[in-house]
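Dear colleague,

Please find below the structure that I am handing over to you.

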Amino acid sequence: MSEVPLSHILFVSTALFFTGMYGLFTRRNLITMLMSIELMLNSVNINFVAFNKYLYPEKLDGIFFTIFIITIAAAEAAVAIAIIINLYRSHHSIDVEDATEMKY
Amino acid sequence: MTGYQITFYLISAFVLSMGILSVTTRKIFRSAIWLLFSLMGIAGLYFWMDVQFIAAVQIVVYVGGIVVLIIFSIFLTQQSGKEMEKAPLGRTIFGALAVLFGFAFTYFLIQQYDFTATGKLFDSDVARIGNAMLNTEQGGYSLPFEVVSILLLAAMIGCIVIALKIKPTEK
């Protein structure tokens, strides 16, 4: 069954997590930053399912954590997009550098 | 190398290349489409790991819900054909360095730890998942299930309230 070692799956999810982190560091547009966060959440989900399958096959905790993370990611994306649209209405831009009223 | 392994490496390469394209392209609409492909690849990875339920949820919620929402908000807030301005060189270099260091450090730690797979067969039957989700006894997930559903309801109402346009007379 486990012809592919677990560390290779962890390699993929780690690389995906740091890809999302690179996007979060370099982008200054709110929508693309949100997309990077989605990538990071997905890499964590891969980890949960892989650990569940390889190390504790008789349990289901990893699957449930994945389901709850997907649900919370959906809620988070909806709220974030509502905030982005509201910000665009008042500032006519969704660049984080343009919304600095509450910075100091 | 068996076909099982080759499938895994092909899907992983697809997911990673689409993810990298998604964070580096300068056209925001293309970025969303690359993200869509990457999420589909992750659903393929779930199919490969034999958890069909999570793969179906991934396709329905992420590909059918979140990416469509992101594309709508792109259409609402900017000109999709316009290129985003390039990040300053210093930020790109420091971001890449921080990410490379973090990746090397994390993967070094993962390699040190010896994961021993149990080799038992993984049973992710949907009936089993459903029973555990509504089980109120020890090891059941009915309380988190209800909490998450209340959270989702609160988030939906919150979105409507935030995005609602205030009429000028009420200001």
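I begin with one residue in a segment: A:His92 is located in the segment after helix 3 of chain A (helices are DSSP runs of H or I with at least four residues, strands are runs of E with at least two, and both are numbered from the N terminus). The model is a predicted one, in which local features need pLDDT of at least 70, side-chain atom pairs count only at pLDDT 80 or more, and totals for chains, interfaces and linings use all residues. Residues are numbered from 1 along each chain as its sequence is written, while chains are lettered from A and ligands numbered from 1 in the order in which they are written.

Most residues other than glycine have a negative phi. A:His92, which is not a glycine, has a positive phi near 55°. A:His92 counts as exposed because it has 9 C-beta neighbours inside 10 Å (buried means 20 or more other C-beta atoms within 10 Å of the residue's own, exposed means 12 or fewer, and partly exposed lies in between, with C-beta atoms placed from the backbone). In chain B, B:Asp50 is likewise not a glycine and has a positive phi of about 70°. B:Asp50 sits in the loop between helix 2 and helix 3 of chain B, and it counts as partly exposed, with 14 C-beta neighbours inside 10 Å.

**The interface between the chains**

Contact is made between 70 residues of chain B and 58 residues of chain A (two residues are in contact if their C-beta atoms, placed from the backbone, lie within 7 Å). On the side of chain B that touches chain A, two or more residues each come from helix 1, helix 2, helix 3 (52-77), helix 4 (89-112), helix 5 (126-133) and helix 6 (142-163) of chain B. That side of chain B consists of 47 nonpolar, 20 polar and three charged residues (Ala, Val, Leu, Ile, Met, Phe, Trp, Tyr, Cys and Pro count as nonpolar, Asp, Glu, Lys and Arg as charged, and the others, Gly among them, as polar).

**Helix 3 of chain A**

Helix 3 of chain A has 31 residues, which should span 45 Å at 1.5 Å a residue, and the 44 Å between its end C-alpha atoms agrees with this (the expected span is 1.5 Å times one less than the number of residues). Its buried residues include A:Gly62, A:Ile63, A:Thr66 and A:Ile67. Among the elements that cover the buried residues of helix 3 of chain A are helix 2 (30-54) of chain A and helix 3, helix 5 and helix 6 of chain B.

The axes of helix 3 (residues 61-91) of chain A and helix 6 of chain B come within 9 Å and cross at roughly 10° (axes are lines fitted to C-alpha atoms, for helices over the stretch in contact, and angles run from 0 to 180 degrees between N-to-C directions). The two helices are therefore roughly parallel to each other (under 35 degrees is roughly parallel, over 145 roughly antiparallel, 65 to 115 roughly perpendicular, and the rest oblique). Residues in this contact include A:Phe68 and A:Thr71 of helix 3 of chain A, and B:Pro144 and B:Val148 of helix 6 of chain B. By class, the contact has 17 nonpolar, three polar and no charged residues.

**Helix 1 of chain A**

Helix 1 (residues 6-26) of chain A has 21 residues and reaches 31 Å from its first C-alpha to its last, close to the 30 Å expected at 1.5 Å a residue. Of the 21 residues, 15 are buried, so helix 1 of chain A is largely enclosed by the rest of the structure.

Helix 1 of chain A packs with helix 4 of chain B at an angle of about 160°, the axes being 9 Å apart. These two helices are therefore roughly antiparallel to each other. This contact divides into 13 nonpolar, eight polar and one charged residues.

A:Ser7 belongs to helix 1 of chain A and is partly exposed, with 14 other C-beta atoms within 10 Å. Not counting residues up to four places away in sequence, A:Ser7 touches B:Ile110, B:Gln111 and B:Phe115.

**A helix pair within chain B**

Helix 1 (residues 3-24) and helix 2 (residues 28-48) of chain B pack at an angle of about 160°, with axes 8 Å apart. That makes helix 1 of chain B roughly antiparallel to helix 2 of chain B. Their contact has twelve nonpolar, seven polar and no charged residues.

With kind regards
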